[in-house]
Amino acid sequence: MVCRPFKIGNAHGFVCSRGERAPRCSQCGKPAEKLCDFPIIGKGVKTCDKKLCDACATEIEAERLPIQFLAFTEKKEPDTIDVCPAHLRFIEKKEKGDQ
Ligand SMILES: [Zn+2]
Ligand SMILES: [Zn+2]
């Protein structure tokens with residue numbers, strides 16, 4: 001059984017998995033511990049959920065999300081927001097004012 005510490009807000013704990021197939025990073029194939037949290041607004045609202053390893057995920061501040069996405073993520077009150085490389089580029093483009 002693999003147990004990993006986690007922290008959500010002020011709560012600490014361990015997540016344990018029992019021989020499940022370890023998720024693989026969608027970018028490099030290493031074991032993935034994160035999912036892209038970038039909101040996808042389409043039919044309903046969900047997140048990108050691309051599987052990412054530590055190296056391929058980039059943690060961003062909530063305020064870096066475009067405003068329409070921020071409204072959505074606040075409902076979930078995420079501790080951290082991790083994004084995949086494609087969505088990081090998307091955010092950086094927005095920040096440069098390149099619409
Ligand atoms: Zn990776
Ligand atoms: Zn993504």
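Predicted model: local features only at pLDDT ≥ 70, side-chain atom pairs only at ≥ 80, totals over all residues.
Residues are numbered from 1 along each chain as its sequence is written, and chains are lettered from A and ligands numbered from 1 in the order in which they are written. The protein has two helices and eight strands; both kinds of element are DSSP runs numbered from the N terminus, with helices being H or I of at least four residues and strands E of at least two.

**Overall layout**
- Reading from the N terminus, the elements go β-β-β-β-β-β-β-α-β-α.
- Of the 99 residues, 19% count as buried, the cut-off being 20 or more other C-beta atoms within 10 Å of the residue's own, with C-beta atoms placed from the backbone. On that scale, exposed is 12 or fewer and partly exposed is in between.
- Take the contacts with a separation of 6 or more, and 43% of them come from residues 24 or more positions apart. A contact here puts two C-beta atoms, placed from the backbone, within 7 Å.

**The β4–β5 hairpin**
- β4 (residues 39-42) and β5 (residues 44-47) pair in the antiparallel sense over four bridges; pairing calls for at least two bridges found by DSSP.
- The two strands form a hairpin with one residue between them.
- G42 sits opposite G44 in β5, and P39 has T47 of β5 as its bridge partner.

- D49 belongs to the loop between β5 and β6 (51-52).
- D49 isn't a glycine, yet its phi is positive, at about 60 degrees.
- D49 counts as partly exposed because it has 13 C-beta neighbours inside 10 Å.

- You'll find P66 in the loop between β7 (58-60) and α1 (67-76).
- P66 has 13 C-beta neighbours inside 10 Å, so it counts as partly exposed.
- P66 and I91 are 25 residues apart along the chain, and their C-alpha atoms are separated by 7.4 Å.
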